[in-house]
Amino acid sequence: MISTLQKLLLALTSVLFVADLVQSVFYIREADRREGGDHMSHRTYYICLSAFFGAMVFALLSPSLPLMWVAVELTTLVSAPLIAYHRSRGALEAMWKYLLICSIGIGLALFGTMLVMHAVELQEKGVAEGCRMWFKVGFVFILAGYGTKTGLAPFHTWLPDAHSEAPAPVSALLSGALLNCSFFAIARFREIMPAEIAGFCDAAMIFFGIISVAVAAIFMVRQTDFKRLLAYSSVEHMGLIVILFALFMRTPADPGRGVLISCGEIVGDAVLGLALLAHIVFHSLTKTMLFQTAGNLLLAFGTRAIASVQGLGVSMKGHSALWIVGVLFICGMPPSVLFASELGLVVSAPFWMSVLVLALLFVVFAAMMKVALAMTMGTPVTKPEPVPGKMLIVPFTLLAILVASGVLACICISIPGAWHN
């Protein structure tokens, strides 16, 4: 499973980097013209953006756990300047908050890595009782440390500020790619945990996953900033991804339940495996499209305040379509592929967990749709300055991919036995 996940994330990160690089070419010059003030040079911006991509690829390809830790820390260092692109007070505060909190998290991850490596050494020496304790303690530090970069609550506090203050293409790359790379680090450690503590590890991931969805739902209910709303949506979806992964890992392999074609081997419950991979990919694509659209709206209205962005259906019809469809898709409404992945979670989870997750998802849906309808319907309260049509190319391309994939997923779900061999 880890090999499949690694290949998937490498391809996905590359696609997202190209999409955000193209959008940056359109966005950055227009943002400088409209927002003015001091900002990073374009040359430095593209160097940092390319280094950010390279650091994420390094993290995914690292052959050892200590080297992976170095790579994840490198992603923090090279992406921090991008958050403070505009060098405003809010952007600088967000950058330092990002550096401080993520550095604490990566420090915890380093300590966890040392404990796990010590446990592996004890295991090789045959000290079974002692190594189990060190594996447990090590995994707790790993989950807290890398969970900080993954955006899991309550370690997520850097995320809303960084995502809202960074330029839109950077926000998209942070949400769509960086969070996945950090999750991959947790997945690698979970893979090497001995069977005796697997239940403990999975229970811990489920706990923090549910807490993340709950915290995101609470903060989304009365959100007044549409970019921060998308940031909390990332917290929610990373929680769902961690829950899916934990359920998948604790499901014993069953030859009768199907094969994940991408890795060519039986890896447990095919429904959960496919749901996990689909959720990772289509959350990243949908959130990239939404952040790019949000960036365009910020340039048009000059504000992130939801109350000031009204009547998009009248003033900016193309962006209105992108926004309302994107919000519906990120909430898992058919034909979104996220509907299929969330359905896979609900039908595979224990009854109590399914009920709780469904209740939280309903709160998230209500909060996001309230904002989406308020922004797209009614009469504009301020007149937006139109953005160039070329800035819609990448978001509409992503939307076309999402719609086509969603229709195909819904057709597959409706065919009996489509989830199995």
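His319 sits in helix α12, residues 317-330. Helices here are DSSP runs of H or I with at least four residues, numbered from the N terminus. His319 is buried, at a relative accessible area of 3%. Buried means under 20% relative accessible area, exposed means over 50%, and partly exposed is in between, with a 1.4 Å probe and protein chains only. Setting aside residues up to four places away in sequence, His319 touches Thr293, Asn296, Leu297, Val387 and Leu392; contact means heavy atoms within 4.5 Å.

A word on the source. This is a predicted model, in which local features need pLDDT of at least 70 and side-chain atom pairs count only at pLDDT 80 or more, while totals for chains, interfaces and linings use all residues. Residues are numbered from 1 along each chain as its sequence is written, and side-chain values use heavy atoms, with hydrogens and water left out.

Next, Gln223. This residue is in the loop between α8 (198-221) and α9. Is Gln223 buried or exposed? Gln223 counts as buried, because its relative accessibility is 14%. Beyond its neighbours within four places in sequence, Gln223 is in contact with Arg228, Leu229, Tyr232 and Ile306. Gln223 and Ala367 are 144 residues apart in sequence, yet their C-alpha atoms are 8.3 Å apart. A polar atom of the Gln223 side chain lies 3.5 Å from the backbone nitrogen of Asp225. That is a polar contact: a pair of N or O atoms within 3.5 Å, where, within protein, one must be able to donate a hydrogen and the other to accept it, and residues adjacent in sequence count only if both atoms are side-chain atoms.

Of the 25 residues of α9, 23 are buried.

Now α6 (residues 158-165) and α7 (residues 168-192). Their axes come within 7 Å and cross at roughly 135°. Axes are lines fitted to C-alpha atoms, for helices over the stretch in contact, and angles run from 0 to 180 degrees between N-to-C directions. Therefore α6 is oblique to α7. Under 35 degrees counts as roughly parallel, over 145 as roughly antiparallel, 65 to 115 as roughly perpendicular, and the rest as oblique. Trp158, Leu159, Ala162 and His163 of α6 meet Ser171, Leu174, Ser175 and Leu179 of α7.

Definitions and conventions
Helix = DSSP H or I, 4+ residues; strand = E, 2+ residues; numbered from the N terminus.
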